[in-house]
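Here is a short briefing on one protein chain. Keep the sequence and the 3D view open as you read.

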Amino acid sequence: MREKILFVDDDVKLLAAVERNLRQHFNLETVTGGAAALAKMADAGPYAVVVADMQMPGMNGVDLLIEAQKKFPETVRLMLTGNADQQTAVEAVNKGHVFQFLNKPCPPEMIARALNAGIKQHLLITAERVLLEKTLNGSVKILADVLSLTDPFAFGRGEALAGYMNAYISSFNFDRAWEFQIAAMLAQVGLITVPPAIIEKSRAGESLSAAEQDTLNRVPKISADLVANIPRLESAARIVLYQNKHYDGSGFPADAVHGEDIPIGARILKVLIDLLELEAKKMPRDEALSIMQQRTGWYDPRVLDATFACFDIYLPDTSVKSQGQAVAVKDLRLGHVVLADVMTESGKTLILARSRITPVLLARLANFARFSPIQEPVYIEPDVTVDRFKQSLTSAMAAA
């Protein structure tokens with residue numbers, strides 16, 4: 001299908017001439033006036049190129065292209081004007097990000113060349129976005145898959161944390177909230193560099209040496225460094241870095257950052273991580289939040305209050321085994337969310353509760369099942385067959 005072009009002018013005769021001369025070469029639509037153009041772009045878009053006349057009643061061309069740039073950033077913007085003064089050019093370029101100017105009267109062949117150039121520019125813009133999305137999603141998936149193989153507990157915790165974060169941010173209007181989700185998913189990816197014996201001692205509640213504790217304390221830094229290597233994730237990496245930072249400035253990293261200087265995503269992540277840890281100890285959610293309220297200086301009070309206000313409505317209950325659907329291991333499918341730990345009969349945890357089944361986890365189950373029987377049945381969320389985290393991430397990236 002040919003890319004769509006929208007031509008905007010208040011001169012119906014000019015629009016008729018444009019249609020007559022160019023419709024056979026382009027997928028061209030016309031509309032009179034700026035307000036009508038924005039409505040058309042919203043209802044019938046997306047358009048690869050929009051051409052706007054400068055002098056129109058109600059909304060001039062610069063104002064139209066400014067709004068188009070805000071609402072439809074991938075649409076290439078051209079301006080047709082008979083008043084190409086310097087101020088008009090400056091406003092159009094600086095505010096409306098105009099790709100090309102066309103001076104009236106403009107012959108059809110010149111308009112055609114400009115439209116072809118605009119279409120090529122649009123294809124470059126969309127190709128870059130698709131490449132970035134695939135690079136981003138692929139990189140996040142690789143890191144998550146590596147974590148799922150090396151440390152199923154940490155991977156499961158990341159999945160649960162991403163679910164909590166998604167529930168939290170869905171209640172508010174954050175800019176670039178998709179970064180919060182990625183930070184939650186990859187917050188513990190640095191654990192792949194920590195010797196398993198240290199991780200096991202920590203989870204068992206055993207005392208650690210100073211060197212061992214320092215190794216664990218630095219996991220956010222290692223995780224942040226890994227995330228920062230992925231294009232467009234510098235802000236997400238900073239969230240990961242400050243995930244254990246207290247609101248009063250104590251905690252890791254030991255720098256002067258405190259209060260509002262801590263990224264909002266990190267302040268949210270700190271609350272959700274601690275909530276999840278308390279719930280993992282079989283503590284009821286309301287009791288966990290009450291304990292967190294007593295930790296002076298640990299949390300952003302507004303973030304904690306917001307969590308307290310919405311947790312029992314939006315955040316999933318981790319003790320829902322009785323409400324789940326019991327299936328055999330062979331019936332697990334991509335996108336299923338397990339509600340209880342999946343373990344071998346010898347007691348080894350393969351998948352942590354609240355994890356979403358990925359191709360890597362299916363392969364892990366198949367390989368372990370060849371040598372060690374797996375406890376059945378497995379409890380999953382009913383009728384969950386899609387990777388909602390990936391869907392929401394892709395959607396957010398497209399809108400970013």
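Lys-330 is exposed, because its relative accessible area is 65% and the cut-off for exposed is over 50%. This is a predicted model.

**Salt bridges**
- Asp-331 is partly exposed, with 32% relative accessibility.
- Another network of shared partners links Glu-260, Arg-267, Asp-300 and Arg-302 through salt bridges.
- Within it, the side chains of Glu-260 and Arg-267 meet at 3.4 Å, N to O.
- Glu-260 is partly exposed at 46%, whereas Arg-267 is buried at 8%.
- Lys-221 and Asp-225 also form a salt bridge, at 2.8 Å from N to O.
- These two residues sit 4 apart in helix α10, so about one helical turn separates them.
- The count of salt bridges comes to 17.

**Nonpolar core**
- The largest nonpolar core holds 49 residues.
- Leu-161, Met-165, Leu-186, Leu-233, Leu-269 and Met-292 have the most contacts inside it.
- Elements giving two or more residues to this core include α5, α6 and α7.
- Helix α12 gives the largest share, 9 residues.

**Surface patch**
- Ile-142, Val-146 and Ile-192 form a nonpolar patch on the surface, with about 230 Å² of accessible area together.
- Val-146 lies in helix α5 and is partly exposed at 33%.

**Strands**
- Strands β1 and β2 run parallel, joined by 5 bridges.
- The chain passes from β1 through helix α1 to β2 in a right-handed β-α-β crossover.

Note on methods: Residues numbered from 1 in each chain as written. Predicted model: local features only at pLDDT ≥ 70, side-chain atom pairs only at ≥ 80, totals over all residues. Heavy atoms only, no water. Patch = residues over 30% accessible without salt bridge, like charges linked within 9 Å, V, L, I, M, F, W, Y side chains within 5 Å. Areas by Shrake-Rupley, 256 points an atom, 1.4 Å probe, with all protein chains shown as cover. Salt bridge = Lys/Arg side-chain N within 4 Å of Asp/Glu carboxyl O. Buried < 20%, exposed > 50% of the residue type's maximum accessible area, 1.4 Å probe, protein only. Pairing = 2+ DSSP bridges. Right-handed = clockwise from strand over helix to strand, strands pointing away. Core = buried A, V, L, I, M, F, W, Y, C linked by side-chain atoms within 4.5 Å.
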